[in-house]
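Here is a short walk through one protein chain, written for someone who likes to check contacts and distances on screen. Please keep the viewer open as you read.

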Amino acid sequence: MRQRPTLQRRLAVLLLITVPLIWLVSTVVAAYAAHHKVDELYDTQLTLFARQLLSVNMGEHGEGELPVLPKTKKLIRGGDRGDIEDDDIGVAVWNEQGDLLLSDGKGRHFRFDAARRGFYTVSGQDDKDEWRLFYLPAPDGSRLVAVGQRQKLRHEVVRKVIQGQLLPWLLGLPVLLLLILWAVRQGLRPLQLLADNLARRSPLEHSPLPENVPGEVLPMVRALNALLARIAAAMEHERRFTADAAHELRTPLAALQVQAEVMALMPDEAGRQHALGQLQQGIGRATRLVEQLLALSRLDPLQGLPAAQPVDWAVVCRDAMADVSAAAAAKNMQLQLHWQDGAAQVLPLAGDATLLTLMLRNLLDNAVRYCPPGACIELQAAATGLVVRDDGPGIAPEWLARVHERFFRPPGQDMPGSGLGLSIVERIASLHGLCLQLANRPEGGLQVSLHVA
């Protein structure tokens, strides 16, 4: 499998390419600026030298003799540097007819052109070097002065300036690149330490990661700590759920085994039929418990409703009441459905119709199970919410706050149950943004309300 490039490698490669490139661009810019400054300096000197030549009385000098202007000529030749030859500088003075009056160095090869004014860059007559020439005519047009300088002299000065400025940087560039690699490694070290910390952890360790990390890494560490906390809560819930389920299943399974043994020992048919009935009731209770446990195991991991759709409460209420109608008829109970508002206006929300049917069925089933025969159970549907009322015994006030807890059943209950019904109802209600409230009715019985939280 091909190894994916690491963040450290990417940063190192990017910086190792970018830094030399920036250094190279800076060198080019510095060379251009230095060349411009050198040209400006030497052009100013050529202009000054030409004006000084025009101010000299040529009648005192013969042809081929240059008036002595040591400071200026020394300056444009490059100062006291001995590696600059006289052939690098040239001057020429012509009269208005184009006769050469004075010349020095390569000046004798300069071309007379009465129309020329200012600076020109030309090729030499007897060599391939370029020359920088400055033509300056006398105010009265009697003379024309040309002062020239070989371009390679200027290039040599620029080269030495660039060498003096950038050579230390060139020598220090490898050291800079090594420091960059070290800085990248050290800068990303907190990520490596974080990865090592996570790699050393056991699957059961959920303690938070240390937050002494750079600011850029802190949001990721906090997100990981929040994730670890959620995982720890989920695992703790699973452990508690598994322990509670094992505890609750142990009793009905043991009872089923005892009833099966009793039935096998019964000598007469009537005793066996009675034991068989008890066994069937125990199987029914165990089946109901398993169904409720499975329902909770599916509901608990949900963080929301994956496929929420507008709820048709007419269908939901009809299905829920149909599911408990047989049990209610066996106890001669009345099931009533009252619509205070039209079905389309009842508690408008988007949700899962199957889960909402299960929620109402659990509420109605609890009422059927715990109310005496002949009781009346009413389901009221309104735009503000749903209400289930019965005229049964209700719940003792001291236990109202605890009946939501899983596997909790108030003392003194004769009717078998698991204590999970209201937990399932409350979980489905919370997934739909509903609030569950229980209250004893003043005239007797229990009222369960569902409304938007």
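Let us begin with helix α1, which spans residues 7-54 and contains Val29. Val29 also belongs to a nonpolar surface patch of about 460 Å², together with Leu21, Leu24, Val25 and Val28. Please bear in mind that this is a predicted model.

**The chain as a whole**

The protein chain has nine helices and twelve strands. Of its 453 residues, 38% are buried. Its accessible surface comes to about 26400 Å², and carbon and sulfur atoms account for 59% of that area. Among contacts with a separation of 6 or more, 62% join residues 24 or more positions apart.

**Nonpolar cores**

The largest nonpolar core holds 42 residues, and the members that touch the most others are Trp313, Leu356, Leu360, Leu363, Leu386, Leu438 and Leu450. At least two residues of this core come from each of α7 (313-330), α8 (353-370), β9 (376-382), β10 (385-390), α9 (421-431), β11 (434-440) and β12 (446-452). Helix α8 gives the largest share, with nine residues.

Leaving out residues up to four places away in sequence, Leu386 touches Trp313, Val346, Leu347, Leu360, Gln380, Ala381, Val448, Ser449 and Leu450. A second, separate core has 13 residues, including Leu46, Ala50, Val91 and Val93.

**A leucine in helix α4**

Leu198 sits in helix α4 (residues 189-200). Is Leu198 buried or partly exposed? Leu198 counts as partly exposed because its relative accessibility is 36%. Apart from neighbours within four places in sequence, Leu198 is in contact with Leu209 and Leu224. Leu209 lies eleven residues from Leu198 along the chain, and their C-alpha atoms are separated by 8.5 Å.

**Cysteines**

How many disulfides does the structure hold? The count is zero. A disulfide is a covalent bond between the sulfur atoms of two cysteines. For Cys371, the closest cysteine sulfur is that of Cys376, and the two are too far apart for a bond because 9.4 Å separates them. Cys371 is buried, with a relative accessible area of 4%, whereas Cys376 counts as partly exposed at 23% relative accessibility.

**Salt bridges**

Side chains of opposite charge can pair when their charged atoms come close. In this model the count comes to twelve salt bridges. Three of them are listed here.

| Salt bridge | Closest N to O distance |
|---|---|
| Asp319 and Arg318 | 3.5 Å |
| Asp365 and Arg369 | 3.9 Å |

Glu156 and Lys160 both lie in helix α3 (residues 151-187), where their spacing of four residues is about one turn of the helix. Both are partly exposed: Glu156 has 22% relative accessibility, and Lys160 has 39%.

Asp365 and Arg369 are separated by about one helical turn because they are four residues apart in helix α8. Here both partners, Asp365 and Arg369, are buried. In the remaining pair of the table, Asp319 is partly exposed, with a relative accessible area of 31%.

Some salt bridges also join up into a network, which links Asp39, Asp43, Arg132 and Arg154.

Technical notes: Residues numbered from 1 in each chain as written. Predicted model: local features only at pLDDT ≥ 70, side-chain atom pairs only at ≥ 80, totals over all residues. Heavy atoms only, no water. Core = buried A, V, L, I, M, F, W, Y, C linked by side-chain atoms within 4.5 Å. Buried < 20%, exposed > 50% of the residue type's maximum accessible area, 1.4 Å probe, protein only. Contact = heavy atoms within 4.5 Å. Patch = residues over 30% accessible without salt bridge, like charges linked within 9 Å, V, L, I, M, F, W, Y side chains within 5 Å. Areas by Shrake-Rupley, 256 points an atom, 1.4 Å probe, with all protein chains shown as cover. Salt bridge = Lys/Arg side-chain N within 4 Å of Asp/Glu carboxyl O. Disulfide = S-S within 2.5 Å.
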